[in-house]
Amino acid sequence: MVQDKTFKNPIPTIDIIIEVKEGIVLIKRKNPPFGWALPGGFVDYGESLEKAAIREAREETSLDVNLIRQFHTYSDPDRDERFHTISTVYIARAQSEPKAADDANEIGVFNKDNLPSPIVFDHAKILDDYFKKRW
């Protein structure tokens, strides 16, 4: 069988809902699309989803997180305007103060009543799902 060279797979990504005492951590992105987002990113080849979540949390928020559980997987082909991604979302907890790093231009802690704008990708939907199940 000859492999079709035009065949493309979706790109695996992770996003992390990081719970801290005051709320959840969001980052303001340095790169397009610009806006607020959950910390997250691409899964490296040979890396588990869990290790990717812990790595991305550390890279973007300077936080060492404890993964609590896998929340949900989001797969709408239009969730990322750049390419087709499938994101597995984790809920994690952290104890220290977040600091913007890597792809994060700014960082903030928010709750369901004070979310920033604009929120990019499908992260507003993810947050809505989270807050409906959490509270």
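This report walks through a pocket, a strand and a set of aromatic rings in a predicted model.

## The largest pocket

Let's start with empty space. Rolling a probe the size of a water molecule over the atoms shows where such space is left. Here, the largest pocket holds about 290 Å³. It is lined by 20 residues, and those closest to its centre are Arg29, Gly40, Gly41, Arg82 and Phe121.

Which elements give two or more residues to that lining? They are strand S1 (11-20), strand S2 (23-29), strand S4 (40-42) and helix H1 (49-61). As for the kinds of residue you'll find in the lining, eight are charged, six are polar and six are nonpolar.

S1 is worth a look of its own. Is this strand largely enclosed or open? Eight of its 10 residues are buried, so the rest of the structure largely encloses S1.

Now for the strands it pairs with. S1 and strand S6 (residues 85-93) run parallel, joined by nine bridges.

With S4, the pairing is antiparallel and takes in three bridges; here threonine 13 sits opposite phenylalanine 42 of S4. S2 also pairs with S1 in the antiparallel sense, over two bridges, and glycine 23 in S2 stands opposite valine 20. Getting from S1 to S2 takes a hairpin of two residues.

## Aromatic rings

A pair of aromatic rings is described by the distance of the centres and the angle of the planes. The model has four aromatic pairs. One of them joins phenylalanine 71 and tyrosine 130 edge-to-face, at 6.2 Å centre to centre with 75° between the planes. Phenylalanine 71 belongs to strand S5 (residues 66-74) and tyrosine 130 to helix H2 (residues 123-134), so this pair ties together parts that lie 59 residues apart in sequence. Both phenylalanine 71 and tyrosine 130 are buried.

Tyrosine 130 has another aromatic pair, with phenylalanine 131. That one is edge-to-face too, at 5.1 Å centre to centre and 65° between the planes. Phenylalanine 131 is buried, as is tyrosine 130. Put together, Phe71, Tyr130 and Phe131 make up one aromatic cluster.

Definitions and conventions. Residues numbered from 1 in each chain as written. Predicted model: local features only at pLDDT ≥ 70, side-chain atom pairs only at ≥ 80, totals over all residues. Heavy atoms only, no water. 1 Å grid on protein atoms, 1.4 Å probe; cavity = no way out; pocket = protein on both sides within 12 Å on 5 of 7 lines; lining within 4 Å. Points joined across faces, edges and corners; volume = space filled by probe spheres on them. Helix = DSSP H or I, 4+ residues; strand = E, 2+ residues; numbered from the N terminus. Nonpolar A, V, L, I, M, F, W, Y, C, P; charged D, E, K, R; others polar. Buried < 20%, exposed > 50% of the residue type's maximum accessible area, 1.4 Å probe, protein only. Pairing = 2+ DSSP bridges. Phe/Tyr/Trp six-rings, centres within 6.5 Å; stacked < 30°, edge-to-face > 60°.
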